[in-house]
Amino acid sequence: PRPWYNLAQLYRIEQKQDEALALLLEAVRLDAAYADAHVALTEIYAVRADYPAAWQHARKAEEYGNPRGVELLRRHGE
């Protein structure tokens with residue numbers, strides 16, 4: 001899943017959010033415990049104002065040791 005995550009991060013930098021989203025979803029499909037990919041999905045879904053999906057991935061990331069997604073959503077009042 002790491003190559004999918006890394007390529008997704010490149011696409012995010014290039015403002016290709018749909019492509020990044022697909023790659024990140026593949027990364028977590030391959031490894032559901034990939035917390036950094038869940039955080040990245042949290043960020044993408046939060047920007048799209050899809051807060052149920054953002055929270056889903058934030059909680060998964062937190063479950064696997066990365067609280068950044070939950071912190072982001074709380075900090076922004078979601």
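Guide: Start with Glu26 and Arg29, which form a salt bridge whose closest N and O atoms are 2.7 Å apart. Bear in mind that this is a predicted model.

Visitor: Why is the contact of Glu26 with Arg29 called a salt bridge?

Guide: The term asks for a side-chain nitrogen of Lys or Arg within 4 Å of a carboxyl oxygen of Asp or Glu. For Glu26 and Arg29 the closest N and O atoms are 2.7 Å apart, so the pair meets the definition.

Visitor: Where do Glu26 and Arg29 lie?

Guide: Both are in helix H2 (residues 17–30), 3 residues apart, about one turn of the helix. An α-helix has 3.6 residues a turn, so residues three or four places apart point the same way.

Visitor: How many salt bridges does the structure hold?

Guide: It holds 5. One of them joins Lys60 and Glu63, with the closest N and O atoms 3.9 Å apart. That value is within 4 Å, so the pair still counts. Lys60 and Glu63 both lie in helix H4 (residues 51–63), 3 residues apart. Glu63, at 52% relative accessibility, is exposed, whereas Lys60, at 31%, is partly exposed.

Visitor: What makes Glu14 and Lys16 a salt bridge?

Guide: Their closest N and O atoms are 3.7 Å apart, and the limit is 4 Å, so the label applies. Glu14 has a relative accessibility of 41% and Lys16 a relative accessible area of 34%. Each is partly exposed.

Visitor: Which residues of helix H5 are buried?

Guide: In H5 (residues 68–75) they are Gly69, Val70, Leu72 and Leu73.

Visitor: How do you know that the buried residues of H5 line one face of the helix?

Guide: Seen down the axis of H5, they fall within an arc of 160°, so they line one face. On the other side of H5, Arg74 and Arg75 are exposed.

Visitor: What covers the buried residues of H5?

Guide: The cover includes helix H3 (35–47) and H4.

Visitor: What comes just after H5?

Guide: Gly77 is found there, with a positive phi of about 75°.

Notes: Residues are numbered from 1 along each chain as its sequence is written. This is a predicted model: local features need pLDDT of at least 70, side-chain atom pairs count only at pLDDT 80 or more; totals for chains, interfaces and linings use all residues. Side-chain values use heavy atoms; hydrogens and water are left out. Buried means under 20% relative accessible area, exposed over 50%, partly exposed in between (1.4 Å probe, protein chains only). Helices (H or I, at least four residues) and strands (E, at least two) are DSSP runs, numbered from the N terminus. The arc is that of the directions from the helix axis to the C-beta atoms. Contact means heavy atoms within 4.5 Å.
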